[in-house]
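Thank you all for coming; please have the sequence and the structure open while I talk. I will go slowly, starting with the core and then turning to the sheet.

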Amino acid sequence: GQVHRPSVVRRNTTSVSRAVQQDDGEISLAFILGVWTQWWKWLLPISLILIVGSAAIVMMTFKPKYQASSSIEILEHAPWVIQQESGPKAQQFVATQIEILRSPRVLQAVLEDPSVANMYEIKKRRDPITWLAEKGLEIRPVGQSTLVKVGFQGVDPVASAHLVNTVVDNYFDTQSDQKTMRILKVLKVLRNNKQMQAKTVSTLKKNVQNLSKDLDVVPHFAGPTVMMSGSSTAQE
């Protein structure tokens with residue numbers, strides 16, 4: 001009798017587990033329907049309360065985003081007076097201006113504005129200048145045009161627009177300083193060019209005076225025109 005007991009136990013255990021699985025599969029849907037039928041008066045208002053509460057929490061934590069943007073037209077090359085720059089320098093001019101827009105020189109001046117410094121997005125940043133330059137501001141060329149877009153997305157539309165306008169204004173202030181430096185540079189180039197041309201004219205004048213000795217008649221200088229007579233190699 002002892003030899004057969006383990007096998008009987010195993011058979012009973014297996015059959016019981018299968019029966020439980022079958023019963024679970026059969027009563028699961030009926031159980032749910034029964035619970036709903038019995039408790040729907042309580043489940044329905046509780047579900048509504050949970051849905052309304054979840055929606056309220058989402059609305060309290062959600063902050064809408066507003067996009068503010070401005071466009072700047074930037075020339076494809078730097079202004080020139082005597083000789084136009086070409087090659088990589090001309091091609092890099094627009095890229096350089098974009099980097100100036102996100103440079104610490106411009107952004108530091110922007111953050112000195114109290115309205116900008118107190119913005120929600122700015123106050124929570126440990127390094128607002130780096131954040132604006134790398135993530136906060138959208139600065140990119142518009143297609144294949146000469147326009148550059150400056151944009152910012154924030155929770156306050158007025159503050160976002162003010163930030164973009166402040167960035168653009170400070171960029172133009174920087175451009176004004178650069179323009180002054182370019183004017184001084186051009187004046188220096190013009191002075192050097194004038195000195196070189198004056199030396200060239202002085203040398204040519206001496207050559208003409210030396211060559212005039214070979215002429216029968218001394219040249220008469222009437223403005224830029226030299227009146228000469230006679231026939232010689234010097235006259236030619």
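Which residues of the largest nonpolar core touch the most other members? What we have here is a predicted model, in which local features need pLDDT of at least 70 and side-chain atom pairs count only at pLDDT 80 or more, while totals for chains, interfaces and linings use all residues. Residues are numbered from 1 along each chain as its sequence is written, and side-chain values use heavy atoms, with hydrogens and water left out.

A nonpolar core is a set of buried Ala, Val, Leu, Ile, Met, Phe, Trp, Tyr and Cys residues joined through side-chain atoms within 4.5 Å, where buried means under 20% relative accessible area with a 1.4 Å probe, protein chains only. The largest one has 29 residues, and those touching the most other members are Leu101, Leu132, Val150, Phe152, Leu163 and Val167. Among the elements that give two or more residues to this core are β1 (66-73), α3 (104-111), β3 (147-154) and α7 (157-212), the helices being DSSP runs of H or I with at least four residues and the strands runs of E with at least two. The most comes from α7, with six residues.

Now to the sheet, which is open and has three strands in the order β1-β3-β2, with antiparallel pairing; two strands pair if DSSP finds at least two bridges between them. Because β1 and β2 stand at the edges with a single partner strand each, one side of each is left without a neighbour in the sheet. Eight bridges join β1 to β3, and Ser70 stands opposite Val150 in β3.

Terms used:
Buried < 20%, exposed > 50% of the residue type's maximum accessible area, 1.4 Å probe, protein only.
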